[in-house]
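Please consult the sequence and the coordinates alongside the text.

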Amino acid sequence: MATLTHSLPPLPYAYDALEPIISKQIMQLHHQKHHQTYINNLNAALSAQITATQSNDVATLISLQQKIKFNGGGHINHSLFWKNLTPPGSAENDLVKAAPSLRDAIATRWGSYDEFVKAFSAELLGLQGSGWGWLVSKGGARGRLEIVTTKDQDPVAATDVPVFGVDMWEHAYYLQYLNNKVGYVEGIWKIINWTEAEKRYTAGVENWLKL
């Protein structure tokens with residue numbers, strides 16, 4: 001049985017492209033160190049799973065499930081995250097022009113974009129410990145929009161579409177914002193890739209690890 005090996009996806013922009021919202025230093029550490037570690041640990045766990053399966057080692061198979069969930073979730077979540085960000089001031093960050101269908105769905109669900117941002121930001125700032133905030137399309141593309149949070153590196157439920165997510169682990173912002181989570185959350189709206197969000201909302205995500 002061959003082992004499926006995952007690798008670090010390249011960023012769709014330069015490490016300094018999200019400045020001043022997210023610094024080059026954070027992006028390099030976050031992508032090259034944190035994401036790479038999730039991938040390394042996932043590959044090791046999957047390889048161990050194959051060995052345990054071949055030897056019918058049920059105890060080891062059970063013990064590996066949490067490692068696969070945590071590191072596999074970290075790989076999925078970060079692969080989605082990099083692509084749902086874009087340099088500030090880019091055409092992709094213009095909600096009105098880049099995401100007409102999603103814009104209308106947001107207005108229908110929350111009354112206005114401003115009310116949506118207020119609700120989403122409140123969920124992000126209310127997260128206890130480490131986790132993620134997501135805008136999801138329930139049950140598939142063009143579904144009812146909901147704001148959900150996931151703990152640690154848990155991914156969005158497989159039945160839902162992750163329209164975009166925001167990493168609220170301290171490693172995503174602390175070197176730059178320290179304990180000012182509000183500043184990080186306020187800034188994130190200036191780098192959301194609404195073109196990517198529109199694509200996910202209208203067509204879903206075919207393969208979360210081959211984006």
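Helices (H or I, at least four residues) and strands (E, at least two) are DSSP runs, numbered from the N terminus. This is a predicted model, in which local features need pLDDT of at least 70, side-chain atom pairs count only at pLDDT 80 or more, and totals for chains, interfaces and linings use all residues. Residues are numbered from 1 along each chain as its sequence is written, and side-chain values use heavy atoms, with hydrogens and water left out.

Q: What percentages of helix and strand does the chain have over residues 5–85?
A: UniProt, in an unreviewed entry, lists residues 5–85 as "domain: Manganese/iron superoxide dismutase N-terminal"; UniProt positions are given in the numbering used here, feature names are shortened, and annotations may be inferred rather than shown by experiment. The end C-alpha atoms of this span are 26 Å apart. Its content is 70% helix and 0% strand.

Q: How far apart do the end C-alpha atoms of residues 101–200 lie?
A: The unreviewed UniProt entry annotates residues 101–200 as "domain: Manganese/iron superoxide dismutase C-terminal". The span is 42% helix and 21% strand. Its end C-alpha atoms lie apart by 11 Å.

Q: What area do domain 1 and domain 2 bury between them?
A: The domain assignment, whose bounds come from an automatic or database source, gives domain 1 (24–84) and domain 2 (91–203). Their centres, taken over C-alpha atoms, are separated by 23 Å, and 17 residues of domain 1 are in contact (heavy atoms within 4.5 Å) with 24 residues of domain 2. Buried area is the accessible area (1.4 Å probe) that two parts lose on being put together, summed over both. Of the area buried here, 61% is on carbon and sulfur atoms, and the total is about 1700 Å².

Q: Which residues of domain 1 lose the most area to domain 2?
A: The two domains bury about 1700 Å² between them. On the side of domain 1, three residues together account for 37% of what that side buries. They are Ile26, Asn77 and Asn84.

Q: Why do the buried residues of helix 5 line one face of the helix?
A: Phe116, Val117, Phe120, Ser121 and Leu124 are buried in helix 5, where buried means under 20% relative accessible area, exposed over 50%, and partly exposed in between (1.4 Å probe, protein chains only). An α-helix has 3.6 residues a turn, so residues three or four places apart point the same way. On the other side of helix 5, Asp114 and Lys118 are exposed. Seen down the axis, with directions taken from the helix axis to the C-beta atoms, the buried residues of helix 5 line one face because they fall within an arc of 125°.

Q: What distance separates the end C-alpha atoms of helix 5?
A: Helix 5 (residues 113–125) has 13 residues. The expected span is 1.5 Å times one less than the number of residues, so helix 5 should span 18 Å. The separation of its end C-alpha atoms agrees, at 18 Å.

Q: What arc do the buried residues of helix 4 cover around the axis?
A: In helix 4, the buried residues are Leu102, Ala105, Ile106 and Trp110. They lie on the same side of helix 4, because they cover an arc of only 105°.

Q: Which elements do the buried residues of helix 4 pack against?
A: Just after helix 4, glycine 111 takes a positive phi of about 95°. The buried residues of helix 4 pack against helix 5, strand 1, strand 2, strand 3 and helix 8.

Q: Where do the "binding site" residues gather?
A: In the unreviewed UniProt entry, the annotation "binding site" covers His30, His78, Asp167 and His171. They span 142 residues in sequence, yet no two of their C-alpha atoms are more than 12.3 Å apart, so they gather at one spot.

Q: Is histidine 30 buried or exposed?
A: Histidine 30 lies in helix 1. Not counting residues up to four places away in sequence, histidine 30 touches His35, His78, Phe81, Trp82, Asp167, His171 and Ala172. At 2% relative accessibility, histidine 30 counts as buried.

Q: What is the relative accessible area of arginine 200?
A: Arginine 200 is placed in helix 8. Leaving aside neighbours within four places in sequence, its contacts include Leu80, Lys83 and Asn84. Arginine 200 is buried, with a relative accessible area of 1%.
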